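Please keep the sequence and the model in view while reading.

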Amino acid sequence: MPLPPRRLGSLKGTREQILTVLRRSSLTANEIAAQLGMTHNAVRTHLAALQHAGLIRQGGLQRSASKPAVVYELAPEAEAEFSSAYVPFVAHLMRVLQERLSQDQLNEVMHLAGRGLAAEWPRLRGDLPQRVEAASVLLADLGALNEVESQNGGFVIRGYGCLLAAAVHSRPEVCRAMESLLAELLEVPVKECCERGERPRCCFEIAGGDGATKGRQAVM
């Protein structure tokens, strides 16, 4: 499952230093403590927190004269946390795709991207209200503050910002990628109703009643 976005933003001081040294090489707690001028016990407390967050992992054992020591390494998924290149890259990629592809082709690419992203998460369980609530939590974990509203027998997930604001720039195709993501996860028809402008806001209408039933049958 993908990591929640930009968790390093809340990591300062010692934990950020530990991640920096582990980016260079795998180390034991004693080796990290020696490099940072800290005690072994203090380092282990930070290592436990970083491991719980999924940013580091145990990478094996190092033999020693007494007993083997655990070697810590950066988790493979955590490397993306250090990059600031994703947003500008996606924004420029969207410009290139828009220039090179027809509108139908671009819509299809975004649709496939959304479906592919949905495959990264487990299937949502429960009835439609429970699945919608789970989808709302998932979007919140990705960094999209939102709330769920009931509307015309269905639901609306209304955001207070946009996950892909830097890539949207009034391009509905990007919103349709998220539309396809939610439709795949919820197994019902979803229609984006996003606000695109100076301050984009996510919005997705989710079918209920007969539309939800038809949607579930279509994906089964």
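Does C162 count as buried, partly exposed or exposed? At 23% relative accessibility, C162 counts as partly exposed; buried means under 20% relative accessible area, exposed over 50%, and partly exposed in between, with a 1.4 Å probe and protein chains only. This is a predicted model, in which local features need pLDDT of at least 70, side-chain atom pairs count only at pLDDT 80 or more, and totals for chains, interfaces and linings use all residues. Residues are numbered from 1 along each chain as its sequence is written, and side-chain values use heavy atoms, with hydrogens and water left out.

Strands are DSSP runs of E with at least two residues, numbered from the N terminus, and two of them pair if DSSP finds at least two bridges between them. In strand β5 (residues 154–159), five of the six residues are buried. β5 pairs with strand β4 (residues 146–151) in the antiparallel sense over six bridges, and with strand β7 (residues 203–206), also antiparallel, over four bridges. F155 in β5 stands opposite S150 and opposite I206 in β7. Two residues lie between the strands of the β4 and β5 hairpin, where N152 takes a positive phi near 50°.

The structure holds one disulfide, a disulfide being a pair of cysteine sulfur atoms within 2.5 Å. C193 and C203 form it, with sulfur atoms 2.2 Å apart. C193 lies in the loop between β6 (190–192) and β7 and C203 in strand β7, so the pair ties together parts that are 10 residues apart in sequence. C203 is buried at 5%, whereas C193 is partly exposed at 25%. The sulfur of C162 is 4.2 Å from the closest cysteine sulfur, in C202, too far for a bond.
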